Amino acid sequence: MNQAFLDNSLWRNIYCVLAGDSAQCAARDYSPGMLPGGMEWLAFLLAAAAIVGLFVNGVLGGVIVLIWGERRLFGRFQSRTGPNRWGPWGTLTSVADAIKTMFKEDLVPAEADRILFNLAPILIAAPALMVFSVIPFGVGTYVADLNVGVLFIMAITSLTTLAVLTASWSSANRIAILSALRSVALLISYEIPMALAVVGVIMLAGSMSLGEIIQAQGVPFILVQPLGFFVFFLAAMAEMARAPFDLTEAESELAAGYLNDYASMKFGLFFLAEFMAEISTSAIITTLFLSGWRGFDPIPSHFWFGAKLIAVLFVIIWFRMTLPRLRIDQVLKFAWKGLFELTMINIVVTAILIFIWPQPTTAQLWYMAAVNWPVAIVSIWAVSKLLGTPAYEQTQPDLNAPTYPVGSEDIPASSAYVPEVKTQTSLQEGGD
Amino acid sequence: MAIKTQPVTVNLGPQHPSTHGVFRMRVMFDGEEIVDVEPVFGYLHRGSEKLAEERTYTQIVTLTDRMDYVSSMLNNQAYILAVEKLAGIEPSPRGVWLRMIAAELQRIASHLVATGFLIQDLGALGTPLIYAMREREGILDLFEMLCGARITNSYLRPGGVFMDAPDEFWPALDRGLDDIVRTIDELETYLSGNEIIFSRTKGTAVLPPELLINASITGPMLRASGVDWDLRHRAPYDYYDKISFERKLHTASDNYARYWVRIQESRESVKIIKQCIEQIEPGSVRPSFDDVPRLIRPPVGDAYAAIEGSKGELGFYLVSDGGIAPYRMHVRASSLINLTLLRDMLIGGQFGDLFVTFGSIDLNMGEVDR
């Protein structure tokens, strides 16, 4: 076993309990005392099972709390109370919802591709859980500190779109197909600015390992990399299809998009995955830009992480409650013409700064922040000017004009007056 | 390599969260672009016009409430004007002022609903809608003080209204008007200046004013195209000739212009109500039963009266054969007529704009199907 991998992680803590000899553990000796010789693998297996159980149930519990919190916040934002009937302050509402979802009838459409239809919920839930394996929730509380942690996150979060595509294709529903096409377009567009926004962070930390990125954050990178944070936050919102980029679900257009034909716990898995993605995205933002579990000493690191996570979640929910949805062409334009340029500016500026201060100390990080903030403000302003919609040139007509325009005998070609027989039949032909 | 593509027909509605009731569209898409639209309606048809032939003239007021159920007072007003014209009834002044106040309050409520649902169709998850509906609640509370009902008011009677406003109504109305102005300011701050709303509504579903006039479109849709046509100004009914107000127009004729005109009209309605409060005079709210009996028997003939409803020209055509019930009633439903340009607005547009454009017409399925 890789010694460095075992040291200082959840594996070690759980393994030590199983091994039953803390002196051995403290001495970094991983030969088990409790188990007979040659049974080392069993201890590792049990530790792995314990970790999976802990993480999956922990994340699911987090989702239950998040759903309740989000609903309460929705209520507050909309000047109403939110759920408050079931349990103290309505805390058991999402538990009741979960039970209800499980006992619903499991419907499968007649024309659905049954294998893919049943596979899609698993496909979406598994990656959403896997992301949590690399996130450090506190000192020593992580499953694995991969040296390509950021790359792993990028790869795993993209799998969501595959699941959406599978779900919509297999349910044989045209509205779902439209939703899947939008989902793919969103992924292709926003994966690039998202990855490029992290490049600045990787350059500063000199590593793709999340543990080392946290170690490098003498100053939280949100201060050193404001542009990177801005782009990463928006791209992450698009990646998990949250408002104002919730085009794949688009309640008021597609009703629910790819979720249309799902019922019971299959729907429940999609629902869980959506909220797990929300938590994991917030955790990634916390780790990359808000210095993860770092904080002042008397308070444990887990509390710092939790507090920052909740702050990011609050902002995401705030966005969702406040903003209307963008149209698909605007969303893509924003990614390619706005965010892409911003990341390029960010990479160039950060590269120059790294060239000046190759191994930045805390003081040098502050100098970098002092350079990066004006750059960020000016470039975001410039992009908003370039992409913004120009105002109307004239709005108020001249009320003193002699007459208003009147209807003419030459009726403009309008389908409202002349029903086109051709279009009517083509509608029926196109139907099947 | 050219990829073979094929338009896809999708059925939207009648069970759909954004169809403002039960409306169905068969839409043909080429990718995200709309190629063809076939509207299907009639799911909420209740036969109101036929039912009216079996009711007395006073009873029909309750039927009109249920046509456009977010602007009952305006429906009442249009119907009562037609009855008064048919039977030659001289309304009592206080009743007329009261029904003007009620009608303008209802216009604000209807525009708030239209604006709230438009933003809902744009994808905001309910927050602007609930802010608009909260203000509408205040107006409904005022209606409750006036007549005891909130939605289906049946407040108006031939010759006026059925009861006078209680004393508590007037201070409540003053407070309510202040609240309305504050809410409209709030909505304008957060919505008119919002880049997402502006970029999504500007330049979408543009209709030339000539086409609108040819299709006899009326109301905010027509005024958003720069045509100065408001029946309160062009053909004043009730006491609108004693009232001065600005006609708010916009030249763009797109979704944003329609939204903007509604917001500005709500402000003007507040001004109109304030003038009504100043000019209202004491007296009876309706003629005595000696002059206008409960069972009206208008002389043989017909009459058409129209008002500027919240959605356009709302007209009632009544034919009398001298009996206690009309021989025939027909409604010029502004929602239905405004809907006729739906295809022109939608074809060539994006799927994302479909329900926004649909919402910007501000139609009410209860009025379309009747």
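Trainee: What makes 38% of the 432 residues of chain A count as buried?

Mentor: Each of those residues has 20 or more other C-beta atoms within 10 Å of its own, with C-beta atoms placed from the backbone. By that cut-off, 38% of chain A counts as buried. Keep in mind that this is a predicted model, where local features need pLDDT of at least 70, side-chain atom pairs count only at pLDDT 80 or more, and totals for chains, interfaces and linings use all residues. Residues are numbered from 1 along each chain as its sequence is written, and chains are lettered from A in the order in which they are written.

Trainee: Why is α4(B) called roughly antiparallel to α14(B)?

Mentor: The axes of α4 (residues 93-121) and α14 (residues 351-361) of chain B cross at roughly 175 degrees and come within 8 Å. Angles over 145 degrees count as roughly antiparallel, so α4(B) and α14(B) get that label.

Trainee: Which residues of α4(B) meet α14(B)?

Mentor: B:Phe117, B:Leu118 and B:Asp121 do, and on the α14(B) side you'll find B:Phe355, B:Val356, B:Gly359 and B:Ser360. Contact here means C-beta atoms, placed from the backbone, within 7 Å.

Trainee: How many residues does each chain put into the contact between chains A and B?

Mentor: Chain A gives 47 and chain B gives 55. On the side of chain A that touches chain B, α17(A) gives the most, with four residues.

How values were computed. Buried ≥ 20, exposed ≤ 12 C-beta atoms within 10 Å, placed from the backbone. Axes fitted to C-alpha atoms, helices over the stretch in contact; angles between N-to-C directions. Helix = DSSP H or I, 4+ residues; strand = E, 2+ residues; numbered from the N terminus. Parallel < 35°, antiparallel > 145°, perpendicular 65-115°, else oblique. Contact = placed C-beta atoms within 7 Å.
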